[in-house]
Amino acid sequence: MQNDTLEKFLDWPEPSELSDGPSECLFNLQEAVERATHHAQTYLFAHSFDQLERTEEAMGATVKLAVARLEWLLDDARQQISGMFSQDEILLLLNCYQGEFLTPDECQRMASTLCHDLGIELEHYRESGISDLVDKLRTLTIPQRMALADALEVSWHSGQPVKQTLADMAIELR
């Protein structure tokens, strides 16, 4: 592999290379990927084996395997969060994030981001009307947070009713 194969594989095309310029959705996704590129680089560097061809095809296959593993983890986590959230709680989170794509680091701050969005000091959230939701967010495991973030992104961008989108993802509302 040339040194630039990994860098080329991870790079997004420049806006001028995209047809008609990026949509706002693609722009938001690109920004999220740029904020999380170090995670992808770490994974790909750790899975760049001497016995494996170091080509774009090998990098693509490595990424596909990683995506397959991620989907399996998300399926399991979706089952775990199914029935945990009400439609109103999901709508509150959708309003907070409004089409953003959440990086792994941002998933760790969902409770504080929601409080900040609503003008609630995190230290005083127990006195607010969202204390149950904040408690849920704070107790989620990392895979559960990733599944929730994924569900919020799909719900926002699918154009379908939230309840239907979540049901398609095997996530039931409370």
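Q: Helices are DSSP runs of H or I that hold at least four residues, and they are numbered from the N terminus. In which helix does H157 lie?
A: In this predicted model, H157 is placed in helix α8, which covers residues 142-158.

Q: How many helices and how many strands does the chain contain?
A: The chain has 9 helices and 0 strands. Followed along the sequence, the pattern is α-α-α-α-α-α-α-α-α.

Q: Is H157 buried, exposed or partly exposed?
A: A residue is buried under 20% relative accessible area and exposed over 50%, with partly exposed in between. H157 has 32% relative accessibility and therefore counts as partly exposed. For the chain as a whole, buried residues make up 35% of its 174 residues.

Q: Which residues does H157 contact, once neighbours within four places in sequence are set aside?
A: H157 is then in contact with C25, G99 and F101. The H157 side chain also reaches the backbone oxygen of G99 at 3.1 Å. A further pair shows how sequence and space can be read together: H157 and E100 are 57 residues apart in sequence, while their C-alpha atoms are 9.7 Å apart in space.

Q: What share of the chain's contacts with a separation of 6 or more comes from residues 24 or more positions apart?
A: Such residues account for 65% of the contacts in the chain with a separation of 6 or more.

Q: At what angle do the axes of α3 and α8 cross?
A: Angles from 65 to 115 degrees count as roughly perpendicular. The axes of α3 and α8 cross at roughly 90° and come within 8 Å, so the two helices are roughly perpendicular to each other.

Q: Which residues of α3 and α8 meet?
A: From α3 the residues are L74, A77, R78, Q80 and I81, and from α8 they are P143, Q144, M146, A147, L148 and D150. By class, this contact comprises 7 nonpolar, 2 polar and 2 charged residues.

Q: How is D150 situated: buried or exposed?
A: D150 lies in helix α8 and counts as buried because its relative accessibility is 19%, where the cut-off is under 20%. Beyond its neighbours within four places in sequence, D150 is in contact with L74, R78 and M169.

Q: Which residues are linked with D150 in a network of salt bridges?
A: A salt bridge pairs a side-chain nitrogen of Lys or Arg with a carboxyl oxygen of Asp or Glu within 4 Å. The network links E71, D75, R78 and D150. Within it, D75 forms a salt bridge with R78, and the closest N and O atoms are 2.6 Å apart. Both D75 and R78 belong to helix α3 (residues 56-81) and are 3 residues apart, about one turn of the helix. D75 is partly exposed at 33% relative accessibility, whereas R78 is buried at 6%.

Q: How many salt bridges does the count give?
A: The count comes to 7 salt bridges. One of them joins the side chains of E106 and R35, at 2.9 Å from N to O. That pair links distant parts of the chain, with E106 in helix α5 (residues 104-107) and R35 in helix α2 (residues 24-46), 71 residues apart. E106 is buried at a relative accessible area of 15%, while R35 is partly exposed at 37%.

Q: At what N to O distance do the side chains of E89 and R174 meet?
A: E89 and R174 meet in a salt bridge at 3.2 Å. This pair also links distant parts of the chain: E89 is in helix α4 (residues 87-97) and R174 is in the segment after α9 (162-168), 85 residues apart. E89 is buried, at 10% relative accessible area, and R174 is exposed, at 58%.

Q: Which residues of helix α7 are buried?
A: In α7 (residues 131-139), S131, L133, V134, K136 and L137 are buried. The buried residues of this helix pack against α4, α6 (110-117) and α8.

Q: Where is S128 placed, and which backbone atoms does its side chain reach?
A: S128 is in the loop between α6 and α7. With a relative accessible area of 18%, S128 is buried. Its side chain reaches the backbone oxygen of Y125 at 2.6 Å and the backbone nitrogen of I130 at 3.3 Å.

Definitions and conventions
Residues numbered from 1 in each chain as written. Predicted model: local features only at pLDDT ≥ 70, side-chain atom pairs only at ≥ 80, totals over all residues. Heavy atoms only, no water. Buried < 20%, exposed > 50% of the residue type's maximum accessible area, 1.4 Å probe, protein only. Axes fitted to C-alpha atoms, helices over the stretch in contact; angles between N-to-C directions. Parallel < 35°, antiparallel > 145°, perpendicular 65-115°, else oblique. Contact = heavy atoms within 4.5 Å. Nonpolar A, V, L, I, M, F, W, Y, C, P; charged D, E, K, R; others polar. Polar contact = N/O pair within 3.5 Å; in protein donor to acceptor, adjacent residues only side chain to side chain.
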